[in-house]
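Biologist: I would like to learn how to read a structure like this. Can we go through it feature by feature?

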Amino acid sequence: MASTPAWYWVFTMNKSAIAVTGVGVVLPGAEPSSAGKEQPELALIPRKLRRFSARSIPAAVRACQLAIEMSALGQQALCEKATLYTSQSGYQHPDFDDFVDALKGWDRDGDPSLIATLWQSRQVNPFLITRALSNNLVGIISQIWKLKNDGVAFIRDQVGSAAALDEAFFQLQAGYADVAIVVISGCAEDCYSAVAEQKPFPANAEHSGAAVLILESESHATERGASVQAWLEDYSSHKPPTSCPLDGPHFREQKGLEWAGIVMSVAQTIKHLADDRFEGRWAVESGSGKTRKALAVLKRNFT
C-alpha cells in the first residue's frame, strides 16, 4: 500500500477558513475614475509600464488598488508576504488596439486575409508580443506594488479564474503563504469578429473589467486585527457536494461576465452583501468549462 504523501498531512492539519479582507471590482462599461480624489485607471500605471499594458490591465490595476485599500495592508506587508495569482481572460491575446493603424490600409474586398495583413504590417506595436504574454498581468501588478514572493499566471477564461483561486486557496490552507492576491481581468467583446463583420469595435473601457480578492490565513488576519469581509470556508474547481448547511441561496455569475469565472462571482457577491447584515453561510457557483463547475462556500459572522 502506497504511503500518504507529506503534503497531504500538511494540508489537512492546517485546514481552516480563509479570510477575505479585500475586494475590488471594476465592471465592463464602468465610468473612468474622476480626477481629484480618485486617479484615472491609466494614471495608476507607471509610464514605463504602459507600453506593456494590454487592454484590460488598467481595470485590473484599479481593482487591485481598491482591494488593497479595503484590506489595509501596508506596502511592507505586501512586499514581504503577499503572493500573486492572476488570470487574463477574454479576447485580448493579442491586444486588438495594436493593429488599428495596420487596419486603416486594409482592403476588405481586395485582400480577404485579415491575419496576413495584421502580422505582415510594419505598423503594429513593437511591444505586441510582450502584451500578449500570459504573465503580462502578474508582471505589471508585481512591479507596481513591489511584490517579491510567489507569482503564477493563468489564462483560459473561467478555467483560468478557477485555477488562480485554487492555487491561492491551497497555498494558504497548507501554510505556505500568509497573504494571497487573486486577480482576474479580461474583455467580454470579440473585437476581431467585429472587424470581420464590418461592425465598429468597442473602446477599451467599454468591455474590459476585473475582479480582485485579497485572502489571508486565519492566523495572519487575526494577528493584525484585519477587518474580514467574509470567510472562505471551502473551495473546489470541481464542484464537490458540500456537507455544510447553507443559510443563504447559491449565487451565480451575472450574464455577460462568464469570462471572469469564480473570482468575479465571489467578489460581486461579497460586494452585493456589503451593506447587508446577513450572517450565515452561502455558496457561490461559477462555470469553469462545459462540464465543470467551481464552487466556493463562504460565511459572515458579525457577532
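Modeller: We start with the whole chain, then turn to cores, helices and single residues. Keep in mind that this is a predicted model.

Biologist: How many helices and strands are there in the protein?

Modeller: The protein has 13 helices and 9 strands. Of its 303 residues, 47% are buried. The accessible surface is about 15,100 Å², and carbon and sulfur atoms account for 51% of that.

Biologist: What do the contacts say about sequence separation?

Modeller: Take the contacts between residues at least 6 apart in sequence. Of these, 79% join residues at least 24 apart.

Biologist: Which residues have the most contacts inside the largest nonpolar core?

Modeller: A core is found by linking buried nonpolar residues through their side chains. Here the largest one has 36 residues. Leu-213, Leu-215, Tyr-235, Ile-262 and Leu-298 have the most contacts inside it. Several elements each supply at least two residues of this core, among them helix H9 (157–173), helix H13 (261–272) and strand E5 (208–216).

Biologist: What is Leu-213 in contact with, leaving aside its neighbours within four places in sequence?

Modeller: Its partners include Val-20, Val-23, Leu-165, Ile-181, Val-263 and Val-266. Another core, of 30 residues, lies apart from the largest one. Ile-57, Leu-78, Leu-147 and Val-183 are among its members.

Biologist: Now helices. How far apart are the end C-alpha atoms of H9?

Modeller: They are 25 Å apart. At 1.5 Å a residue, the 17 residues of H9 should span 24 Å, so the two values agree.

Biologist: Which residues of H9 are buried?

Modeller: Start with the general idea. An α-helix has 3.6 residues a turn, so residues three or four places apart point the same way. In H9, the buried residues include Ser-161, Ala-164, Leu-165, Ala-168, Phe-169 and Leu-172. Just after H9, Gly-175 has a positive phi of about 85°.

Biologist: What joins the side chains of Glu-216 and His-220?

Modeller: A polar contact of 2.7 Å joins them. Not counting residues up to four places away in sequence, Glu-216 also touches Ile-18, Thr-21, Leu-73, Asp-178 and Arg-224, among others.

Biologist: Where does Ser-56 lie?

Modeller: Ser-56 lies in the loop between helix H2 (47–50) and helix H3 (57–71). Its relative accessible area is 0%, so Ser-56 is buried. Its side chain makes a polar contact of 3.2 Å with the side chain of Ser-185.

Biologist: Last, the cysteines. How many disulfides does a search of the whole structure find?

Modeller: To count, two cysteine sulfur atoms must lie within 2.5 Å. The search finds 0 disulfides.

Biologist: Are Cys-64 and Cys-79 buried or exposed?

Modeller: Cys-64 has a relative accessible area of 1%, so it is buried. Cys-79 is at 18%, and therefore counts as buried.

Definitions and conventions
Residues numbered from 1 in each chain as written. Predicted model: local features only at pLDDT ≥ 70, side-chain atom pairs only at ≥ 80, totals over all residues. Heavy atoms only, no water. Buried < 20%, exposed > 50% of the residue type's maximum accessible area, 1.4 Å probe, protein only. Core = buried A, V, L, I, M, F, W, Y, C linked by side-chain atoms within 4.5 Å. Helix = DSSP H or I, 4+ residues; strand = E, 2+ residues; numbered from the N terminus. Contact = heavy atoms within 4.5 Å. Expected span 1.5 Å × (residues − 1). Areas by Shrake-Rupley, 256 points an atom, 1.4 Å probe, with all protein chains shown as cover. Polar contact = N/O pair within 3.5 Å; in protein donor to acceptor, adjacent residues only side chain to side chain.
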